[in-house]
Amino acid sequence: MSLSLHHFIHTHNVDKEKYDKLHKKKFVQFVDSLVFIVAFVGPMMTAPQVYQIFHTQNAEGVSVLTWFLYSLIQAVWLLYGIAHRNKPIIISNIFWIFWQSLVMIGAIIY
């Protein structure tokens, strides 16, 4: 028995009929809409950190290594989203990488 994520994804596919039936449900439509909103809003939660760094020109206590590792994780999720053609994952991770890059740039500069 394989316990890999790849195995799980490819052995738990929902066939087209079940997929269509599922996406006709109001709750699923709501969650689908909500995840697109979160894909934009979630990464914006980093904006105050970016503002703080560039406004004060001080990045004391900000770890470039930590933010780099966050970005590396987001890059893997971005690749996963691209591989599975999952728009919310792609959108969200592009924005996460953008904002995390700004934190890293500010931390390096200041």
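This is a predicted model: local features need pLDDT of at least 70, side-chain atom pairs count only at pLDDT 80 or more; totals for chains, interfaces and linings use all residues.

Visitor: Which residues make up the largest nonpolar core?

Guide: In soluble globular proteins, nonpolar side chains tend to be buried together. Here the largest nonpolar core has ten residues, namely Ala47, Val50, Ile53, Ala59, Val62, Trp67, Trp99, Val103, Met104 and Ala107. Two or more of these residues come from each of helix H4 (47-56) and helix H6 (87-109), and H6 gives the largest share, four residues. Leaving aside neighbours within four places in sequence, Ala107 is in contact with Ile53, Ala59, Val62 and Val64.

Visitor: Which residues of H4 are buried, and which are exposed on the other side?

Guide: The buried residues of H4 are Ala47, Val50 and Ile53. Seen down the helix axis, these buried residues of H4 fall within an arc of 130 degrees, so they line one face of the helix. On the other side of H4, Pro48, Tyr51 and His55 are exposed, while the cover over its buried residues includes helix H3 (26-44) and H6.

Visitor: At what angle do H3 and H6 pack?

Guide: The axes of H3 and H6 lie 8 Å apart at an angle of about 10 degrees, and the two helices are therefore roughly parallel to each other. Among the residues that meet are Phe36 and Phe40 in H3 and Ile91, Phe95 and Trp99 in H6. The residues of this contact of H3 with H6 divide into eleven nonpolar, two polar and one charged.

Key: Residues are numbered from 1 along each chain as its sequence is written. Side-chain values use heavy atoms; hydrogens and water are left out. A nonpolar core is a set of buried Ala, Val, Leu, Ile, Met, Phe, Trp, Tyr and Cys residues joined through side-chain atoms within 4.5 Å. Buried means under 20% relative accessible area, exposed over 50%, partly exposed in between (1.4 Å probe, protein chains only). Contact means heavy atoms within 4.5 Å. The arc is that of the directions from the helix axis to the C-beta atoms. Axes are lines fitted to C-alpha atoms, for helices over the stretch in contact, and angles run from 0 to 180 degrees between N-to-C directions. Angles under 35 degrees count as roughly parallel, over 145 as roughly antiparallel, 65 to 115 as roughly perpendicular and the rest as oblique. Ala, Val, Leu, Ile, Met, Phe, Trp, Tyr, Cys and Pro count as nonpolar, Asp, Glu, Lys and Arg as charged, and the others, Gly among them, as polar.
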